[in-house]
Amino acid sequence: MDNLDYIENYFTNTPGPGLIREFEERIISDPGFAEEVAFYLAAQDVSKKTTF
Amino acid sequence: MDSAGSNRYTDQELIDQLRQSGVDKRRSEEQLFNRFAYFVREGMTKHALSEDESFNAYSDTILAALDNINKAHFEARASLKTYLYQIFHNKCVDLLRKRTTNKNTVHRAEMISDRLMQLSDSARSVVQTLIDKADWNRLREKLNELEEKCRQILMFWGDNYSDKEIASFLQYKTADVVKTSRLRCLERLRKLYKTE
């Protein structure tokens, strides 16, 4: 959940240069983190296309 | 006698009358409709629906409740008020989502690509590859396996509503509570998606 919060903050706020560098380096070097970023974006897309 | 001077049935008496036929049934249907008609106002204040939308949600609620009572699907485990309010609340939420889906489809369709464009080429390429490999049907199936409240939160989030708006729609105390619940639901979805 901590990573999801971190990922959300990155996409919904305006990250500074330090955070941008750190975030992108993690995506490239940490496959688990990259998977969480992809999941976050895919989950939001699926949620919007699903009906009750 | 109630304040209007008419007989006011208990829940059980009303249910018994609704399962009859003829004049008694019609009178009890009218009483059911009038008894909770104040929900229409709540639909307008709590769910930001128009009067027409809220009235339609309320009418549909009564029809659904009558159908369930007639088919004996209503087991009176909750009071009529609680039972009807739950149906009404869900119908309001349905209306809100339909309204959003019609209004913001184009904007939201661009959300993933907009967000990917926030990343540098190399980071974007890694995430795009993973998104392309995602099993969308499985993700959708797992979303539908979540409990109703979680699904509702995530669907409003998917529709790009703020946590403050979701708090108002789903009657959470604060936006912070919504955010915490939403991220927990998202984590639950991720675990379901990853677990075979």
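Trainee: Which residue with a positive phi follows α9(B)?

Mentor: First, this is a predicted model, where local features need pLDDT of at least 70, side-chain atom pairs count only at pLDDT 80 or more, and totals for chains, interfaces and linings use all residues. Residues are numbered from 1 along each chain as its sequence is written, while chains are lettered from A and ligands numbered from 1 in the order in which they are written. Helices are DSSP runs (H or I, at least four residues), strands are E runs of at least two, and both are numbered from the N terminus. After α9(B), with a phi near 75°, comes Asn160(B).

Trainee: Where does Asn160(B) lie?

Mentor: Most residues other than glycine have a negative phi. Asn160(B) isn't a glycine, yet its phi is positive, at about 75°. You'll find Asn160(B) in the loop between α9 (148–158) and α10 (163–170) of chain B.

Trainee: And what does Asn160(B) count as, by its C-beta neighbours?

Mentor: Count the other C-beta atoms, placed from the backbone, within 10 Å of a residue's own: 20 or more is buried, 12 or fewer is exposed, and in between is partly exposed. Asn160(B) has 14 such neighbours inside 10 Å, so it counts as partly exposed.

Trainee: Is Gln171(B) buried or exposed?

Mentor: Gln171(B) is another non-glycine residue with a positive phi, near 60°. It sits in the loop between α10 and α11 (175–194) of chain B. With 10 C-beta neighbours inside 10 Å, Gln171(B) counts as exposed.

Trainee: How are α10(B) and α11(B) oriented to each other?

Mentor: Axes are lines fitted to C-alpha atoms, for helices over the stretch in contact, with angles from 0 to 180 degrees between N-to-C directions. The axes of α10(B) and α11(B) come within 8 Å and cross at roughly 95°. Under 35 degrees is called roughly parallel, over 145 roughly antiparallel, 65 to 115 roughly perpendicular and the rest oblique. The two helices α10(B) and α11(B) are therefore roughly perpendicular.

Trainee: How many charged residues are in the contact of α10(B) with α11(B)?

Mentor: Contact means C-beta atoms, placed from the backbone, within 7 Å. Among those meeting here are Asp163(B) and Ile166(B) from α10(B), and Val178(B) and Arg182(B) from α11(B). Ala, Val, Leu, Ile, Met, Phe, Trp, Tyr, Cys and Pro count as nonpolar, Asp, Glu, Lys and Arg as charged, and the others, Gly among them, as polar. The tally for this contact is five nonpolar, no polar, and charged: four.

Trainee: Which helix gives the most to the side of chain A that touches chain B?

Mentor: The contact takes 22 residues from chain A and 32 residues from chain B. On chain A, α1 (2–12), α2 (17–29) and α3 each give two or more. With 13 residues, the top contributor is α3(A).

Trainee: Which residues have the most contacts inside the largest nonpolar core?

Mentor: A nonpolar core is a set of buried Ala, Val, Leu, Ile, Met, Phe, Trp, Tyr and Cys residues joined through C-beta atoms within 7 Å. The largest has 47 residues, and those with the most contacts inside it are Ala43(A) and Ile166(B).

Trainee: Between which domains of chain B does this core lie?

Mentor: Helix α3 (residues 31–49) of chain A gives the most to this core, with eight residues. Domain bounds come from an automatic or database domain assignment. Chain B contributes from two domains, so the core lies between domain 1 (9–105) and domain 2 (133–196).

Terms used:
Contact = placed C-beta atoms within 7 Å.
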